[in-house]
Amino acid sequence: MQFLLCGRVYPALHSVQCPVQAESCRLTGPGQTVKLPARMQDSPGSDILIRVRGLTFRRGERVIFDNVDLDFQRGRITAIMGPSGTGKTTLLKLITAQLTPDAGSVEVASRNIHALSTPELFEMRKRMGMLFQSGALLTDLTVFENVAYPLREHTQLPERMIRYLVLAKLQAVGLRGAAGLLPAQLSGGMARRVALARAIALDPMMIMYDEPFTGQDPISMGVLIKLIHTMNDNLGLTSIIVSHDVVETSSIADHIYVISDGRVMDQGSPAELERTASEWARQFLKGLPDGPVHFHYPAGDYAEDLFEN
Amino acid sequence: MKTEATAVSANGRLDAIANAGRRAFVFLERTGRAGLFLLRVLQSIPAVLARPGLIVQQVFSVGVLTIVIVLVAGAFVGLVLGLQGYNVLVRFNSEASLGTFVGLTLVRELGPVVTALLFAGRAGSALTAELGLMKATEQFAGLEMMAVDPYKRVLAPRMLAGFISMPLLAAIFSAVGVLAGYFIGVGLLGVDAGAYWAQMQSAVDFDEDLMTGFWKSLAFGFAATWVALFEGYDAEPTAEGVGRATTRSVVSASLLVLGLNFVLTAFLLETDT
């Protein structure tokens, strides 16, 4: 990951002296030293950024995950797919330690995320971006302020530099012109793009998308697909997409896990899943109305039901 | 037949006891959660003191935006006190004591209590609805994912703002009430202006009366804000959940204020004697 300051490229996580003559620098001000946003120091030796082992999670009596193993490879787009209510969003919450599993471990950048102290967890989260289904934008702040929020909270960058970074992030998602709008004035697709700009504000090592395509019109959907793909490639991110939109997700994912009933039903590249032997996975991926998941909810005999006294 | 009826009746009684037990457990569990919540908010307050801008912003939305309703209510309460007080005092030829009556009633009791009830209705409900909506739209989760602690950035500044605003609002309420009592008593009913102020000045003691009102308003501000914040943060993240939480917030805060008023009055009177 590199960082651009006044026309020069720096590796991130450095304090740098502004390279431009003090008086003429438009970003940092005279002779100012700038601490660039923290970039993750993940262990680059391993290909797997997130390793989930033996994950078990229950809500009351209901088992959401039952001894599940998952690997998320560095720099790739991995999709988690499955029917509604199977716990896809719950999985993201477990990966980000918003929830604690009943058993098993989640290692992010070789560290068990559930064993971290609160300050360590917050440090880790600075390196993890998440795009919520609703966008989760702060409703009383403008688009600009929303994107600037993590920079203001976690860096001591001068205002000019923050403006420069925010406008660059908004330009990347095509919404620089909407910088002055409030979240209530945005469409659902625009809100997600702003949330994406905010999620990459601190240059994270990974980004998680929770149902990014749900409720989007075809144009917004196309824009989001392009953005996720471009962000992943250009920023060297590791991406996790949770979705049940099969066509859209398959078009950009490198690897797909299909989950249901608390376990992994199938996995592989989109091409491999096209030829899957699992009847359940085939029914889900092709959207067939009947199969291992029956059209009818379990019930007694139809005739008996009709003619019983 | 009789045995069956007895069994059904016994079962009904057992169900009622089980239900009451269940409700008691839910109440205790919620109270415990509210206590832990308060502890975390209080622990977060030192971090907020370093960013006074956040507190000022919340004092505006919690306190300043409640001023109008406090002004209007204070004026009406003062007008009624003037009328009722005059009506009673004139029977004993002691209408000159109207200032004492209005002043003591407002400063010791009505100022803090009515302001706290208005505060719970206006600012408390707004806080609960705001926090509930933030939860429903995943803003708290979003903050946590940005490595920002919602207790430090969202909850603690609001807690402090409630704590700061309530005594000021109660003071405004009492001041407006005293002026409204003056308007009725002196302006319309012919009580002597000098007697109104002089009696009030000699009867209302700074330590015993003004400070009683101050401590009460501080406690009510703390309690009403705590309830409002907890109900909002604990709300079920749906439209119905936020609605229910807002109603619960106003009802619980109002009852808590009234109960607390009794306890504080008893305690402060005991201390005075």
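Two residues are in contact if their C-beta atoms, placed from the backbone, lie within 7 Å. Keep that in mind, everyone, and thanks for coming. What we have here is a predicted model, where local features need pLDDT of at least 70, side-chain atom pairs count only at pLDDT 80 or more, and totals for chains, interfaces and linings use all residues. Residues are numbered from 1 along each chain as its sequence is written, while chains are lettered from A and ligands numbered from 1 in the order in which they are written.

Let me begin in chain B. When I say helix, I mean a DSSP run of H or I with at least four residues, and a strand is a run of E with at least two, numbered from the N terminus. Which residues of H2(B) meet H6(B)? They are B:Leu54, B:Ile55, B:Gln58, B:Val59 and B:Val62, and on H6(B) they find B:Pro157, B:Arg158, B:Leu160, B:Ala161, B:Gly162, B:Ile164 and B:Ser165.

Now the geometry. H2 covers residues 52–62 and H6 residues 150–188 of chain B, and their axes come within 8 Å, crossing at roughly 55°. That makes H2(B) oblique to H6(B). Axes are lines fitted to C-alpha atoms, for helices over the stretch in contact, with angles from 0 to 180 degrees between N-to-C directions. Under 35 degrees counts as roughly parallel, over 145 as roughly antiparallel, 65 to 115 as roughly perpendicular, and the rest as oblique.

There is another pair to look at in chain B. H4 (residues 98–136) and H7 (residues 193–203) have axes that come within 7 Å and cross at roughly 50°, so H4(B) and H7(B) are oblique to each other. On H4(B), the residues involved include B:Leu98 and B:Gly103, and on H7(B) they include B:Trp197 and B:Met200. This contact has seven nonpolar, four polar and no charged residues.

Over to chain A, which has ten helices and 14 strands. Of its 309 residues, 37% count as buried, meaning that 20 or more other C-beta atoms lie within 10 Å of a residue's own; 12 or fewer is exposed, in between is partly exposed, and C-beta atoms are placed from the backbone.

Strands of a sheet pair through backbone hydrogen bonds, either parallel or antiparallel. Here six strands form an open, mixed sheet in the order E10-E11-E12-E7-E13-E14; two strands pair if DSSP finds at least two bridges between them. The edges are E10 (128–131) and E14 (263–268) of chain A.

Let's stop at E7(A). Is it buried or exposed? Five of its five residues are buried. A:Ile77, A:Ala79 and A:Met81 point one way, and A:Thr78 and A:Ile80 the other. E7 (residues 77–81) pairs in the parallel sense with E12 (residues 238–243) of chain A over five bridges, and A:Ile80 has A:Val242 as its bridge partner there. With E13 (residues 255–260) of chain A, E7(A) has four bridges, again parallel, and A:Thr78 partners A:His255.

Finally, how do the chains meet? The contact takes 14 residues from chain A and ten residues from chain B. On the chain A side, H3(A) gives the most, with four residues. That side has seven nonpolar, four polar and three charged residues.

Notes: Ala, Val, Leu, Ile, Met, Phe, Trp, Tyr, Cys and Pro count as nonpolar, Asp, Glu, Lys and Arg as charged, and the others, Gly among them, as polar.
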